[in-house]
Amino acid sequence: KERNGHEPEFLQAVEEVAETVIPYIIENDIYYGKNILLRMVEPERVITFRVCWVDDQGEIRVNRGYRIQMNSAIGPYKGGLRFHPTVNMSILKFLAFEQVFKNSLTTLPMGGGKGGSDFDPKGKSDNEIMRFCHAFMSELFRHIGHNTDVPAGDIGVGAREIGFLFGMYKKISNGFTGVLTGKGMSWGGSLIRPEATGYGTVYFAQKMLENKGDNFEGKNVVISGSGNVAQYAAEKVIQLGGKVLTLSDSSGYIYDAEGINIEKLAFVMQLKNEKRARISEYLEAYPNAEFIKGKTPWDIKCDIALPCATQNELNEEDANILLNNGCICVSEGANMPSTKDAITAFHKAKILFAPGKASNAGGVATSGLEMTQNSLRFNWTREEVDLKLKDIMSNIHDACIEYGKDEDGYIDYVKGANIAGFVKVADAMLAQGIV
Ligand code: NDP
C-alpha cells in the first residue's frame with residue numbers, strides 16, 4: 001500500500017486477490033514465509049515511452065505509451081493493449097496483475113502483461129489510427145517478441161489496430177512471427193479469436209448454471225458494452241435461447257424489450273465496427289427500443305447480467321438493484337467491472353458470480369491457441385478451436401470449484417479463481433529461485 005497508494009485500481013485488484021490467497025498461503029507451508037505475493041505485485045519490468053504522430057491537420061501530437069511486463073514465470077508475457085484516454089499506470093498494472101492469474105487459469109504457458117496508451121481513437125480517421133499505431137510500435141517493438149512478450153487487443157484495439165501494429169513490427173524486425181495475437185485470418189490469425197472472450201464468458205455462465213441444473217433457455221439477459229466482448233457474448237446468449245435486452249456504450253444504454261435478435265445484433269456490429277457510431281443510433285432502425293442516456297443498464301429486470309464494458313461499471317447500488325430484481329447469475333466479460341462492495345453483495349446473496357479473470361479468460365486462451373498455430377504454421381478449423389475454447393472454460397470452472405467450494409457448498413468463484421491461478425505461478429516462481 002505504501003509503494004502503490006496512488007494507484008487505486010491496482011490496489012483494488014491486489015486486495016481482492018490477497019483476501020483469498022493470504023489465508024491459503026498461511027495454511028500451506030510450501031508458500032508460507034517466502035514473500036511470494038509481495039514478489040508477484042511488483043512488475044518484472046515497466047516501460048513507458050513517448051509516442052509522437054501527426055494528425056490530419058498536420059499538427060504534431062504526443063501520447064504516452066506503456067507496457068507492463070508483470071510476470072514471466074510460466075511463459076512469455078501475454079496481455080492486451082488498451083487505447084483509451086483513461087489509460088494510466090494504475091489501470092494497466094491492475095490489468096497486468098489480473099492477467100497473470102487469468103493466463104495461469106487457462107493452463108496454457110503464458111505469463112502476464114498489459115500495455116497501451118492514453119491515445120483516444122474516437123473520432124480519428126483511419127489514417128490517423130494507422131500513423132499512431134505505427135509510431136507506437138516503432139518503440140514497442142524492441143521490448144516484445146514471440147518468445148518474450150506477445151501483446152493483443154483490448155479496449156480501443158481491435159482487428160484494424162492489430163493490423164497496423166503488426167505491419168510496423170514486421171517491417172522493422174524483418175521477420176514474420178506470431179508477435180501479436182488477434183491477427184487477420186489471411187496473415188496468421190485464428191478462427192474464433194474475435195468471438196472468444198464473449199463466447200467464453202457465456203460458456204462459463206452456462207457451466208455455472210448447469211451446475212445448478214439450469215441453463216440459458218428463456219432467460220432475460222442484460223449486457224453492458226457494445227464492443228468486441230459484448231457483441232459476441234450477445235451472439236452466444238441468443239444461440240443458447242436467452243433474450244438479450246440491453247447493450248451500451250459510454251454515452252448510455254439501449255433497452256429493447258422485444259429482445260435483440262441476430263438480425264438486430266448484425267445491425268449493432270455494423271454500427272460499431274464499420275460506422276464506428278454511437279449505440280443510440282440503434283433507435284433509428286428499431287424505434288420501439290429506448291435509449292437511456294448516461295446510465296448503465298443494471299436497473300433493467302433480468303435473470304443474468306453480463307458486464308462487458310469496463311472496470312468499476314457495476315457498484316453496490318447496482319448489485320442491490322440486480323438482486324432485488326431476481327438476478328441469479330453474473331458473469332464478468334470485462335476486467336473488474338464489479339466493485340468490491342458489489343461482489344460482497346453478490347456473495348452475501350449467494351448467487352452465481354464469476355470474476356473476469358475466470359469468465360473472460362477465453363479471449364487470452366484463444367490467443368494462446370493462435371500462438372500454438374503460428375508455431376506449428378498450421379490452422380485449426382472453427383469447430384476445433386471452439387471445442388478447445390469450451391474445454392478450457394470448463395476446466396477453469398472445475399478449478400474454481402476445486403479451490404472455491406465453501407463449507408456450506410456455495411461456490412466462491414473469486415476465491416477459487418484466485419487460488420487456482422496463484423498455485424501454478426507460485427510453484428514456478430519457487431522452482432526458479434529468487435530472481
Ligand atoms: P471494445 O473497445 O471493443 O469495447 C468497449 C466497450 O465498452 C464499448 O462499448 C465502450 O463504449 C465501452 N466502454 C469503454 N470504456 C467505457 C467507460 N469508461 N464507460 C462506459 N463504457 C465504456 O473493448 P472490448 O470489448 O475488447 O473490451 C471490453 C472489456 O473486456 C474490457 O474490460 C477489456 O479489458 C475486457 N476484455 C477484453 C478481451 C478481448 O479479447 N477483447 C479479453 C478479456 C477482457 P465507447 O465505444 O463509448 O467507448
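Visitor: Hi! Which strands does β2 pair with, and in what sense, if I start from β4?

Guide: Hello! This is a predicted model. In it, β2 (residues 60–71) and β4 (residues 112–117) run antiparallel and are joined by six bridges. Within that pairing, Arg 67 has Gly 115 of β4 as its bridge partner.

Visitor: What order do the strands of that sheet come in?

Guide: The order is β1-β2-β4-β3-β5, an open sheet of five strands with mixed pairing. β1 (45–54) and β5 (149–152) stand at the edges with a single partner strand each, so one side of each has no neighbour in the sheet. On average, neighbouring strands here are turned by 20° against each other, ignoring direction.

Visitor: And β3, is that one buried or exposed?

Guide: Buried: seven of the seven residues of β3 are, so the strand is largely enclosed by the rest of the structure.

Visitor: How does β3 pair with β5 and with β4?

Guide: With β5 the pairing is parallel, over four bridges, and Tyr 77 stands opposite Asp 149 in β5. With β4 the pairing is parallel too, over three bridges. There, Leu 81 has Gly 115 of β4 as its bridge partner. Gly 115 is also the partner of Arg 67.

Visitor: Nice. Which strands does helix α3 lie across?

Guide: Helix α3 (residues 89–105) lies across β2, β3 (77–83) and β4, and runs at about 150° to β4.

Visitor: Let's zoom out. How is the chain divided into domains?

Guide: Domain 1 covers 42–186 and domain 2 covers 194–359. Their centres, taken over C-alpha atoms, are separated by 27 Å.

Visitor: How many residues does each domain bring to the contact?

Guide: Eight come from domain 1 and seven from domain 2. On the domain 1 side, five are nonpolar, one is polar and two are charged.

Visitor: Okay, the other sheet. What's the strand order there?

Guide: That open sheet has seven strands in the order β9-β8-β7-β6-β10-β11-β12, again with mixed pairing. β9 (290–293) and β12 are the edge strands, each pairing on one side only.

Visitor: In what sense do β6 and β10 pair?

Guide: Strand β6 (residues 220–224) and strand β10 (residues 304–307) pair in the parallel sense, over four bridges. Ser 224 has Pro 307 in β10 as its bridge partner.

Visitor: I've clicked on Ala 205. Where does it lie?

Guide: Ala 205 is in helix α6 (residues 193–210). It has 32 C-beta neighbours inside 10 Å, so it counts as buried; the cut-off for that is 20 or more.

Visitor: Which residues does Ala 205 touch, leaving out those up to four places away in sequence?

Guide: Ile 304, Cys 329, Ser 331 and Ala 354. As for Val 222, 17 residues apart from Ala 205 along the chain, the two C-alpha atoms are separated by 13 Å.

Visitor: Last stop, α11. Which of its residues are buried?

Guide: In helix α11 (residues 340–349), Ala 342, Ile 343, Ala 345 and Phe 346 are buried. Viewed down the helix axis, the buried residues of α11 fall within an arc of 155°, so they line one face.

Visitor: What covers the buried residues of α11?

Guide: The cover includes α10 (316–324), β11 (329–331), β12 (352–354) and α15 (413–432).

Visitor: And what follows α11?

Guide: Lys 350, which has a positive phi, near 55°.

Conventions
Residues numbered from 1 in each chain as written. Predicted model: local features only at pLDDT ≥ 70, side-chain atom pairs only at ≥ 80, totals over all residues. Pairing = 2+ DSSP bridges. Helix = DSSP H or I, 4+ residues; strand = E, 2+ residues; numbered from the N terminus. Axes fitted to C-alpha atoms, helices over the stretch in contact; angles between N-to-C directions. Contact = placed C-beta atoms within 7 Å. Domains from an automatic or database assignment. Nonpolar A, V, L, I, M, F, W, Y, C, P; charged D, E, K, R; others polar. Buried ≥ 20, exposed ≤ 12 C-beta atoms within 10 Å, placed from the backbone. Arc of directions from axis to C-beta.
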